[in-house]
Amino acid sequence: MTIQMNASPPPAPPVHVEGLSAVAGRYDGLIVDLWGVLHDGHAPYPGAVDCLAALRREGKSVCLLSNAPRRIDSVARRLAEIGIPADAYDHLMTSGEATHEAFLSPPDDFHAALGDRCLHIGPPRDDDVHEGVGLTMVDRAQDATFVLCTGIDDNSETVEDYAAALAEAAAHDLPMVCANPDLVVMIGTRKVICAATLAAHYESLGGRVAYHGKPHAPVYRRCFDLLGISDRSRILGVGDSLRTDVAGANAAGIDSLLLLGGIHAEEFAAAPGDGPALDRIAEAGRAENAHPTWVGPAFIW
């Protein structure tokens, strides 16, 4: 006898909104991405700082959550430098901070077995992730017990620039900790690869990788603790990536707003005079298993 299983209903298609004012009343707190949402690496997007101010006036708590492979003090300083002051938001969490915390207090057997000799693949600006946790930094895979990957040194680099170093680390069976699960980031109008692109290549070589940051659950739990809002239906995740921001919000049990001015800008571009490509967004969401509640053009009020 064949037993018929009831298939789960497909997720509801996303609803288009022109700005945060259309949905803010539904939520008490927001978890907001940085790159591609608030700024482009050089300056805030038009209306972004004003939108943060409007949310504060409405009594909403805002926790910024970035996959930046740096600690929160470093990121806060950079935000202030480009025009997003500390009083524009309530809390800040980063994948770099989560990585640093994991070094201080290993959350599982993988981290507990890393050892204390670290080969860092990434620029010096990310050094605060590994500083002050008792690690000895080494320059060769043969001298390391694990690899910390925070990204590329120069925005023009590709995976090929790191292929030899990654192959050598894989040959020594070194576990890797990836402090940025983003594949790419928008810098100005240009897509630049991030640490997760290198980590994905490392996994293709048979390497073992632990990731910190979105879309993984622990970093959302830290944000929930910071916000202090127990009812997750009253929290909205805002970002520009299906793979990290929307999938992470889905897994964490919160609603999400996908903004179309970031890494998906070309993919979901609408013809002049047309609205957003909701059908294409829904189709891409099914492929990524990432389903936004709302879709909007930018982080504007």
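Asp 245 counts as buried, because its relative accessibility is 6% (buried means under 20% relative accessible area, exposed over 50% and partly exposed in between, with a 1.4 Å probe and protein chains only). The model is a predicted one, so to speak of local features takes pLDDT of at least 70 and side-chain atom pairs count only at pLDDT 80 or more, while totals for chains, interfaces and linings use all residues. Residues are numbered from 1 along each chain as its sequence is written, and side-chain values use heavy atoms, with hydrogens and water left out.

Back to Asp 245, which sits in helix α8, residues 242-252 (helices are DSSP runs of H or I with at least four residues, strands are runs of E with at least two, and both are numbered from the N terminus). Its side chain makes a polar contact of 2.7 Å with the side chain of Lys 214 (a pair of N or O atoms within 3.5 Å; within protein, one must be able to donate a hydrogen and the other to accept it, and residues adjacent in sequence count only if both atoms are side-chain atoms). A polar atom of the Asp 245 side chain also lies 3.1 Å from the backbone nitrogen of Asp 240. Leaving aside residues up to four places away in sequence, Asp 245 touches Asp 33, Lys 214, Tyr 220, Gly 239 and Asp 240 (contact means heavy atoms within 4.5 Å).

Helix α8 itself lies across β12 and β13, running at about 165 degrees to β13 (axes are lines fitted to C-alpha atoms, for helices over the stretch in contact, and angles run from 0 to 180 degrees between N-to-C directions). Both strands belong to an open sheet of 7 strands, in the order β1-β14-β13-β12-β2-β3-β4, with parallel pairing (two strands pair if DSSP finds at least two bridges between them). At the edges of this sheet are β1 (15-16) and β4 (91-94), each pairing on one side only. Further in, β2 and β12 are joined in the parallel sense over 4 bridges, with Leu 30 having Leu 236 in β12 as its bridge partner.

Leu 236 turns up again in the largest nonpolar core, which has 29 residues; Leu 236 is among those with the most contacts inside it, as are Val 32 and Phe 299 (such a core is a set of buried Ala, Val, Leu, Ile, Met, Phe, Trp, Tyr and Cys residues joined through side-chain atoms within 4.5 Å). Helix α1 gives the most to this core, with 4 residues. A second, separate core of 25 residues includes Ala 141, Ala 144, Val 192 and Leu 198.

Then there is an open sheet of 5 strands, ordered β6-β5-β7-β8-β11 and paired in parallel. Its edges are β6 (136-138) and β11 (209-211), each with a single partner strand, so one side of each has no neighbour in the sheet. β8 (residues 176-178) pairs with β11 over 3 bridges, and Val 177 stands opposite Ala 210 in β11. Helix α6 (residues 195-204) lies across β5, β7, β8 and β11, at about 155 degrees to β11.

Overall, the protein has 9 helices and 14 strands, and buried residues make up 50% of its 301 residues.
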